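This report describes how the side chains of one protein chain are arranged. Please keep the sequence and the structure in view while reading.

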Amino acid sequence: MNRAFSRKKDKTWMHTPEALSKHYIPYNAKFLGSTEVEQPKGTEVVRDAVRKLKFARHIKKSEGQKTPKVELQISIYGVKILDPKTKEVQHNCQLHRISFCADDKTDKRIFTFICKDSESNKHLCYVFDSEKCAEEITLTIGQAFDLAYRKFLESGGKDVETRKQIAGLQKRIQELETENAELKNKVQDLENQLRITQVHASPAGSVTPKSPSTDIFDMVPFSPISPQSSTPTRNGTQPPPVPSRSTEIKRDLFGAEPFDPFSCGAGDFPPDIQSKLDEMQRQRWLVYHILIMEGFKMGLTLEGTVFCLDPLDSRC
């Protein structure tokens, strides 16, 4: 441990034991970063790491990047490094993995600690910058070590093992949750691909019938060459054939037959209108008879149903 620990060995610590054992002590600092070191402890090891990270910070400052601020939560269980705004845990350094802690003699703003990474088993040196609390943070971490060691002696080492097991289980739970989320995404992708395949694929040798296209009024457009349906009616008889186009009755624009007053039945009109129609019919036949008689006088003869023109005599 740092020289400050031995200096405070016979004196009262800064915080109450309950504050570190039941809660945590928060501090704000700037995080210069972490770098791998070859040894788990040593002043020269820490000094080289601080020099390396300070040089990297100067380069980032020249590029316009600011040193990020973090919040430290110190307790007998370890040191948590969090984002001060979102409270998201960036690093969780368990106390039994921290092997060395020190503040810089030449720069009172700098303090560091070395922690063994749980995944890579490498020793990482974390470097921080605090304008007023560098030495106080170092002493607080030393007090957390002292309380954790006393608790270890009281429990016979069972408490530390329990915490290790809990930490291992928590890590395994996080891994399983991540794996479960990945599997859910894969299943969803497979379901989407299967749905798309079922939509585009059709059975071999089969032709999907196409429904006739409709107009804007959802009506099937008329086709003059559409084949007649051979489906029988309910009483088993075939429907009457549709007359050909040459014998069809001509209709007007609205589908009605042209009006002919002389082809109407006798009972289609009231008596007064029907009498006028009868009179018009008689006058029509009278005019027709007069035209025929005049034609005979001029030399026309009737042969069957065709009028023929005979040679005129000398009177013409």
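## Charged pairs

E36 and K122 form a salt bridge, with their closest N and O atoms 4.0 Å apart. The pair joins distant parts of the chain, for E36 belongs to strand β1 and K122 to the loop between β6 and β7, 86 residues apart. E36 is partly exposed, with a relative accessible area of 48%, and K122 is partly exposed as well, at 39%. These values come from a predicted model.

Side chains of opposite charge can pair when their charged atoms come close. In this model the count comes to eight salt bridges. Three of them are set out below.

| Salt bridge | Closest N and O atoms |
|---|---|
| E36 and K122 | 4.0 Å |
| K54 and D107 | 2.9 Å |

D48 and R51 both lie in helix α3 (residues 43–62), three residues apart, which is about one turn of the helix. D48 is partly exposed, with a relative accessible area of 43%. The salt bridge between K54 and D107 has its closest N and O atoms 2.9 Å apart. Because K54 lies in helix α3 and D107 in the loop between β5 and β6, this pair ties together parts that are 53 residues apart in sequence. Is D107 buried or exposed? D107 counts as buried because its relative accessibility is 19%, and buried means under 20%.

## Aromatic pairs

A search of the whole structure finds five aromatic pairs. One of them is formed by F31 and F128, which are stacked, at 5.0 Å centre to centre and with 25° between the planes. This pair links distant parts of the chain: F31 is in strand β1 and F128 in strand β7, 97 residues apart. F31 is buried, with a relative accessible area of 10%, and F128 is buried with a value of 0%. The rings of F113 and F128 are also a pair; their centres are 5.8 Å apart and their planes are at 20°, so the pair is stacked. Here the link runs from strand β6, which holds F113, to strand β7, which holds F128, 15 residues apart. Ring pairs link F31, F111, F113, Y126 and F128 into a cluster.

## Nonpolar cores

Which residues have the most contacts inside the largest nonpolar core? This core has 29 residues, and those with the most contacts inside it are L72, I74, I98, F113, Y126, F128 and I141. Several helices and strands each supply at least two of its residues, among them α2 (17–21), β1 (25–37), β2 (69–75) and α4 (134–155). Helix α4 gives the most, with seven residues. Leaving aside residues up to four places away in sequence, I74 touches L20, Y24, I25, Y27, V79, I137, T140, I141 and A144. A second, separate core of 13 residues includes V45, L53, F100 and I110.

## Surface and loops

Y149, F152 and L153 form a nonpolar patch on the surface, with about 320 Å² of accessible area together. L153 is placed in helix α4 and counts as exposed because its relative accessibility is 53%.

Two loop residues complete the account. K87, in the loop between β3 and β4 (89–94), has a positive phi of about 60° although it is not a glycine. N121, in the loop between β6 and β7, has a positive phi of about 60° although it is not a glycine. K87 is partly exposed, with a relative accessible area of 44%, and N121 is partly exposed at 47%.

Note on methods: Residues numbered from 1 in each chain as written. Predicted model: local features only at pLDDT ≥ 70, side-chain atom pairs only at ≥ 80, totals over all residues. Heavy atoms only, no water. Core = buried A, V, L, I, M, F, W, Y, C linked by side-chain atoms within 4.5 Å. Buried < 20%, exposed > 50% of the residue type's maximum accessible area, 1.4 Å probe, protein only. Helix = DSSP H or I, 4+ residues; strand = E, 2+ residues; numbered from the N terminus. Contact = heavy atoms within 4.5 Å. Patch = residues over 30% accessible without salt bridge, like charges linked within 9 Å, V, L, I, M, F, W, Y side chains within 5 Å. Areas by Shrake-Rupley, 256 points an atom, 1.4 Å probe, with all protein chains shown as cover. Salt bridge = Lys/Arg side-chain N within 4 Å of Asp/Glu carboxyl O. Phe/Tyr/Trp six-rings, centres within 6.5 Å; stacked < 30°, edge-to-face > 60°.
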